[in-house]
Amino acid sequence: MSDEYSNFNDPEMRRFALSNLRQFGMGKKTIEDKIIEESHHLIEAVKKFKGAAFDTTKPITYAVSNIISSIVFGSRFEYDDPVLTSLVDQIKRRFQLLNSPSVQVLLHIFVKHVQRLKLSKLRLKENLNPQMCRGFVDAFLVRQQNVEESGITNSHFHTANLMITVINLFAGGTETTSSTMKWGLLYMAKYPKIQDQVREELRRVIGSHQVQFSDRKNLPFTNAVIHETQRLASIAPISIPHKTTRDITFQGHFIKKGSTVYPLLTSVLHDPTEWERPHSFYPAHFLDKDNNFVKPDAFLPFSAGRRNCLGESLATMQLFIFLATLLQHFRFTPAPGVSEEELDETPTGNLSAVPSFHTLCAVPAM
């Protein structure tokens, strides 16, 4: 999840966001239940392809977007709902443009999308009940009303910031997690022996029962595969900008107080001094000699420190439950006529590492 367009770097806004995202389920059992429920919808959507090759993008993105929707608005969408499909298309176009020089076009689309969300916001405001907030938007609107009634004029709680924050939560919370899931399924199809190990562990430990987030401790190999997917894919190679709080010398370079710096997360995630096979898909990076799961200090896909990603706990839960549930129900293979070796691991994009276009077959588990 990215903070690029909202004021999450402002202490007051960050506290409000963290408090209310947690209140509406992020990192709690309530959101786990919603992810599990959504995983059932995702399984049914994949079943409809009946083993034929398909682009995994839309069903995965719809599932992830619905989790954000449940937190932001308090409800989910059917996968054929035009509101959801339009939103996902806008998010996709946004990231395509972020990875291109077409900044002016991006800004035009961004403004148009804010205008659409303003209409949705007005409808939400008409049904607002301060005693029963449905989601993050309701909580923001209640705070905005309180601020306006108090006469404060320089607050962050205004309509424009709400619209930007909602777009940021959807865009950052959807694209990064869904792209990581796409990478995960691509790696499973490309490395079938690793996929077979995951599916064998799931059969042995979980069987036909529903995967729970707490199962991670009993599924070390599955957990290692998901973490290795995050590490190698490195979806967000550059962290959000920071500013130095004092003069500092870093690796022989003097950086003045107040300078803007962009942490390069890939430099850690692919560091040959930290990882045995930094540019290969190698789940053993997250297993000790006894095959217990371990998480090295160099695993920093969500950045670190006080300004790390707000959505880390939510993304971690979604990745585990969605991917483990998919692999529990299906075996993923390349499209007919495509070999494992021909599946392309070359990422596309400049600011985010998304997989090249591909299709996969999801064969129901026997």
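Here are some questions and answers about the predicted model above.

Residues are numbered from 1 along each chain as its sequence is written. In this predicted model, local features need pLDDT of at least 70, side-chain atom pairs count only at pLDDT 80 or more, and totals for chains, interfaces and linings use all residues, while side-chain values use heavy atoms, with hydrogens and water left out.

Me: How many helices and strands are there in the protein?
Reply: Helices (H or I, at least four residues) and strands (E, at least two) are DSSP runs, numbered from the N terminus. Going by that, the protein has 11 helices and 8 strands.

Me: What share of the residues in the protein is buried?
Reply: Let's sort out the words: buried means under 20% relative accessible area, exposed over 50%, and partly exposed in between (1.4 Å probe, protein chains only). Among the 366 residues in the protein, the buried share is 51%.

Me: What distance separates the end C-alpha atoms of helix 8?
Reply: Helix 8 covers residues 192–205, which is 14 residues. The expected span of a helix is 1.5 Å times one less than its number of residues. For helix 8 that gives 20 Å, and the end C-alpha atoms agree, being apart by 20 Å.

Me: Within what arc do the buried residues of helix 8 fall?
Reply: The buried ones are Ile194, Gln195, Val198, Arg199, Glu201 and Leu202. Look down the helix axis and take the directions from it to the C-beta atoms, as that's how the arc is defined. The buried residues of helix 8 line one face, because they fall within an arc of 155°.

Me: Which exposed residues sit on the face of helix 8 turned away from its buried side?
Reply: First, the buried side: its residues pack against helix 7 (159–190), helix 9 (220–233), helix 11 (312–329) and strand 5 (330–334). Turned away from that side is a face with the exposed residues Lys193, Arg203 and Arg204.

Me: With which side chain does the side chain of Thr174 make a polar contact?
Reply: Thr174 is in helix 7 and is buried, at 0% relative accessible area. A polar contact is a pair of N or O atoms within 3.5 Å; within protein, one must be able to donate a hydrogen and the other to accept it, and residues adjacent in sequence count only if both atoms are side-chain atoms. At 3.2 Å, the partner of Thr174 is the side chain of Ser65.

Me: Which residues touch the most other members of the largest nonpolar core?
Reply: A nonpolar core is a set of buried Ala, Val, Leu, Ile, Met, Phe, Trp, Tyr and Cys residues joined through side-chain atoms within 4.5 Å. The largest one has 87 residues, and the top two for touching other members are Met181 and Leu326.

Me: Is Cys309 buried or exposed?
Reply: Cys309 is found in the loop between helix 10 (266–269) and helix 11. An unreviewed UniProt entry annotates Cys309 as "binding site"; UniProt positions are given in the numbering used here, feature names are shortened, and annotations may be inferred rather than shown by experiment. With a relative accessible area of 11%, Cys309 is buried.

Me: What is the relative accessible area of Lys50?
Reply: Lys50 is in the loop between helix 2 (29–47) and helix 3 (57–72). Its phi is positive, near 50°, and Lys50 isn't a glycine. Most residues other than glycine have a negative phi. Lys50 is exposed, with a relative accessible area of 76%.

Definitions and conventions
Contact = heavy atoms within 4.5 Å.
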